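Please read them against the structure below.

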Amino acid sequence: MSNQRVVVLGAGIAGLSTANLLLQQEKGFKVHIVAKHFPGDLSGEYTSPWAGAHWRSHATKDDTRQQEFDRITYNHLWKLAKAPQNKTGIMIIDEFEYWERFPQDFSDPWFKTLCREYRHLRKEELPTGIEFGITYKSISINPLTYLSYLLNNFTSLGGTTQRVNLLSHLNECLESETDIVINCSGIHARTLGGVEDPNVYAARGQTVIVQLPRSYMNWAFFKRAANGGEVTYAIPHDDGEVILGGTYDEHKYSTDIDYNTAKGIIQRCLATRPDILPNDQTQLTIKRHGVGLRPCRKGGVRIEAEWTISKKFGKRILICHNYGHGGSGFESSHGTAQHTIKVLKEALQGRPNFQLLISKL
Ligand SMILES: Cc1cc2nc3c(=O)[nH]c(=O)nc-3n(C[C@H](O)[C@H](O)[C@H](O)COP(=O)(O)OP(=O)(O)OC[C@H]3O[C@@H](n4cnc5c(N)ncnc54)[C@H](O)[C@@H]3O)c2cc1C
């Protein structure tokens, strides 16, 4: 496995986490990231900068695969948050989950034993209009800071990067010396030639980013409306920015800001937790609006390896996929990166845990 040349397509949370871990934990790989967008860019085509982002696992009780990804990531992010001179944009917060109507079928989530200080809220702790709630210690990630941290770490470990236009086919990121491609193309896996995964679809999410005094908020909330559909949340970041949300519109691809929706988000957030607004302020200071497309996938995140033959370069190339994280890209990032590397190594060692695909490239 020496001197394998790896191209990672994508510099979102999936690509950067996988590329970093590969250089940190393995020897013998030269890793090169190719992407249209890199940390610092704000574009509707690039989901990661628009994430909340907090750890609030979506894994169901039966979905032990997703639970494992989220568990590994929770423990990893916790360590980063606790590290001395933490410059990752990650911090520990109190998470509150609210239900407007008492959930008759409620049972404690799988992470009850993972998240510190998990408990049900007492009646007197519930905001007006809320019938039930839980709280636990969770993690908030400032996506802009964390993505930049990962990129800097990657280059300091010897990784290289290349900005490209939007590729129309996976074979466009191959060079004669490429041995392995890790496909972390997010929502673009839907249309990218050589992948064109029909199971991938967007869930559009709109947010309003407001500026509060740094350290004013060290808690997040997530509320389910009585009608079951609408979600309302606020997530603080280490620099005092707070992300107010949200929307979750499946199969919607517009990245235009809807200002009526934004107004509704602010109203819903303040109605749930009026203490978002500091006592000495009469209104929130809006810094920017956000719209991002969550890269959802029927069947969940795709982590798979397949061999292909490049006709152009006359050689076998290993393709590893790591895309389709939906609304969980940050909270499962380390776990899915670890699993991608495991699948990659198994494929290189010839274990039968992958498909053999004779060439689309
Ligand atoms: C409003 C909102 C709130 C969210 N909140 C949370 C949260 O609280 N917690 C959480 O865990 N997750 C959250 N998410 C989900 C999270 O943001 C996504 O799961 C994650 O960002 C997906 O990352 P990615 O790396 O797969 O894709 P992206 O970030 O979109 O990165 C894709 C990369 O691939 C490149 N690329 C793709 N195709 C091509 C091509 N053909 N040519 C060149 N370059 C290409 C892009 O330029 C980019 O660099 C939220 C999302 C939204 C929208």
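1. Of the 39 residues around the ligand, those that come nearest are H37, S48, L167, G326 and E331. The model is predicted, and the values here should be read as such.

2. S48, one of these nearest residues, places a polar side-chain atom 2.5 Å from an oxygen atom of the ligand. The protein buries 98% of the 1,000 Å² that the ligand exposes when taken alone.

3. Which elements supply at least two residues each to the shell around the ligand? They are α1 (13–25), β8 (200–211) and β13 (285–297). The largest share, 3 residues, is from β13. By class, the shell holds 17 nonpolar, 19 polar and 3 charged residues.

4. The second largest pocket has a volume of about 180 Å³. Two or more residues of its lining come from each of β1 (4–9) and β2 (29–35). Among the lining residues are R5, V6 and V7, K30, V31 and H32, as well as G158, G159, T160 and E175. The lining divides into 3 nonpolar, 5 polar and 4 charged residues.

5. UniProt, in an unreviewed entry, lists residues 5–340 as "domain: FAD dependent oxidoreductase". Over that range the chain is 20% helix and 31% strand, and the C-alpha atoms at its ends are 16 Å apart.

Notes: Residues are numbered from 1 along each chain as its sequence is written. This is a predicted model: local features need pLDDT of at least 70, side-chain atom pairs count only at pLDDT 80 or more; totals for chains, interfaces and linings use all residues. Side-chain values use heavy atoms; hydrogens and water are left out. UniProt positions are given in the numbering used here, feature names are shortened, and annotations may be inferred rather than shown by experiment. Helices (H or I, at least four residues) and strands (E, at least two) are DSSP runs, numbered from the N terminus. On a 1 Å grid over the protein atoms alone, a cavity is a set of points where a 1.4 Å probe fits but cannot get out, and a pocket is an open set with protein on both sides within 12 Å along at least five of seven lines; lining residues have an atom within 4 Å of a point. Grid points are joined across faces, edges and corners, and a volume is the space filled by probe spheres set on the points. Ala, Val, Leu, Ile, Met, Phe, Trp, Tyr, Cys and Pro count as nonpolar, Asp, Glu, Lys and Arg as charged, and the others, Gly among them, as polar. A residue is near a molecule or strand if one of its heavy atoms lies within 4 Å of it. A polar contact is a pair of N or O atoms within 3.5 Å; within protein, one must be able to donate a hydrogen and the other to accept it, and residues adjacent in sequence count only if both atoms are side-chain atoms. Accessible areas come from the Shrake-Rupley method with a 1.4 Å probe; for residues, only the protein chains shown count as cover.
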